[in-house]
Amino acid sequence: MPNASSWSASSPLLLLWEDSSGTRIFLSLLYAVLAISGTLSNVMVIYLVFSFKKLQTTSNAFIVNGCAADLSVCALWMPQEAVLGLLPPNSSSLRSAEYRLLRGGLLGLGLTVSLASHLLVAFNRYVLITKLPSVYQALYQRRHTGCMIGLSWALALLLVPLLPGLWTPGSAQQLPPRQTDGSSGYTALLLALAVLGQTALLLHCYLGIVRRVRGSAKRVSVLNFHLLHQLPFPAAPPPPRRAQRRLSSVSVLLLCCVFLLGTQPLVWVSLLGFFLRPAPPALQAASWLLLCALSALNPLLYTWRSEEFRRAARSV
C-alpha cells in the first residue's frame, strides 16, 4: 500500500489515487446515496416543522437549525464529492485551489453548525426535564432561542476562515515532515479537543435526563409541555414505570451510541496523528466519512421516536 506521502491533497474522497478505480467508484456511489437520503430526510423534517403548528417548539427550532446545516453537507458538498471521485486525478477541477477552498468551506460550515445544534438540543432537553418550568421559560424565550441559533452560525463562520486546514484532512500530507507537524497538526488537535468537549457536554445532558426520569417518572408525566414529545423516548402516555425507565435508557443510549460512532473515530485518529504517528490514509478517510454520514442520519436520530413527527409524516 502506498505511504501517506502519496495521499493527494486534491483527492475529494480522501483516498490514494493509486487505489483502484473500483474503490473510488464505490465511494462515489456511497456519497451519492448519502446525499440523496440525507437531503430528502433533512428537507422533510424542515417542511414538517414549518407546516404543522404542533411541531413548532423550541427544541424543534434547534433540530431545524441542524437540518439546515446538514443540507450544506448533504445537498451541496456530497454531490460534488460523488462526481469528483469519478474524474481522473489530473482533472483541472481537482487542482483548483479556489474550488477546494469552496468545498472545504461548505463542509466546515455544515459540520460546525450541526455539531453545535446537537449540543443545543441536548441542553434544551436537559433544562426542560431537570429544571423548574419557570427557569425553562425564562431561558428559552424566542429572542434567546434566536440568539443561540445565530451564535452557532457566527461561530462556524469564524472558524472556517481562521482554520483552513481543519476541514481539509490530508492537505498537509504532501508537506515535509516539519511542516506537517506544525499548523496542520495543531488544527487537527484543536478539532479533536473541540469535538471531545462537545461530546462530554452532550453526554452529561442526556445522562442527566436519564437519571432524572429514572428517579422521578411521575414528575415527567405531569409536565404540560409539548417538548416532552420531542424527547428521544416517549413521555406520554406513560407505560408501566419499570418498562418506561428501561425504554428511556435504551433510547437515550442508542442516540448517544450513534453520535459517538459518527464523531469519535475522527477524534482518536486526529489525536493519534498528533501525539504518535499518522493513522493509515484509509482509516483517516473512513473516520471523515463517518462524521459526514452523521449529517444524513441526524433527522432520523431526533424524530424516529416522536409520535408527533410520525403523525405529521403520515398526514403528508
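Predicted model: local features only at pLDDT ≥ 70, side-chain atom pairs only at ≥ 80, totals over all residues.
Now colour by secondary structure. You will find 11 helices and zero strands, so a cartoon view reads along the sequence as α-α-α-α-α-α-α-α-α-α-α. Switch to a surface next. The protein exposes about 15400 Å², and carbon and sulfur atoms supply 68% of that area. Of the 316 residues, 48% count as buried.

Select helix H1 (residues 21-51) together with helix H11 (residues 307-315). Their axes come within 10 Å and cross at roughly 95 degrees. Because angles of 65 to 115 degrees count as roughly perpendicular, H1 is roughly perpendicular to H11. To see where they touch, show side chains: H1 contributes Val45, Leu48 and Val49, while H11 contributes Phe309, Ala312 and Ala313.

**Second stop: a patch on the surface**

Next, select Ile25, Leu29 and Leu86. Which kind of patch do they form on the surface? The patch is nonpolar, and the three residues together have about 300 Å² of accessible area.

Stay with Leu86 and zoom in. Where is Leu86 found? Look in the loop between helix H2 (58-84) and helix H3 (92-95). Is Leu86 buried or exposed? Its relative accessible area is 53%, so Leu86 is exposed, the cut-off for that word being over 50%.

Technical notes:
Residues numbered from 1 in each chain as written. Heavy atoms only, no water. Patch = residues over 30% accessible without salt bridge, like charges linked within 9 Å, V, L, I, M, F, W, Y side chains within 5 Å. Areas by Shrake-Rupley, 256 points an atom, 1.4 Å probe, with all protein chains shown as cover. Salt bridge = Lys/Arg side-chain N within 4 Å of Asp/Glu carboxyl O. Helix = DSSP H or I, 4+ residues; strand = E, 2+ residues; numbered from the N terminus. Buried < 20%, exposed > 50% of the residue type's maximum accessible area, 1.4 Å probe, protein only. Axes fitted to C-alpha atoms, helices over the stretch in contact; angles between N-to-C directions. Parallel < 35°, antiparallel > 145°, perpendicular 65-115°, else oblique. Contact = heavy atoms within 4.5 Å.
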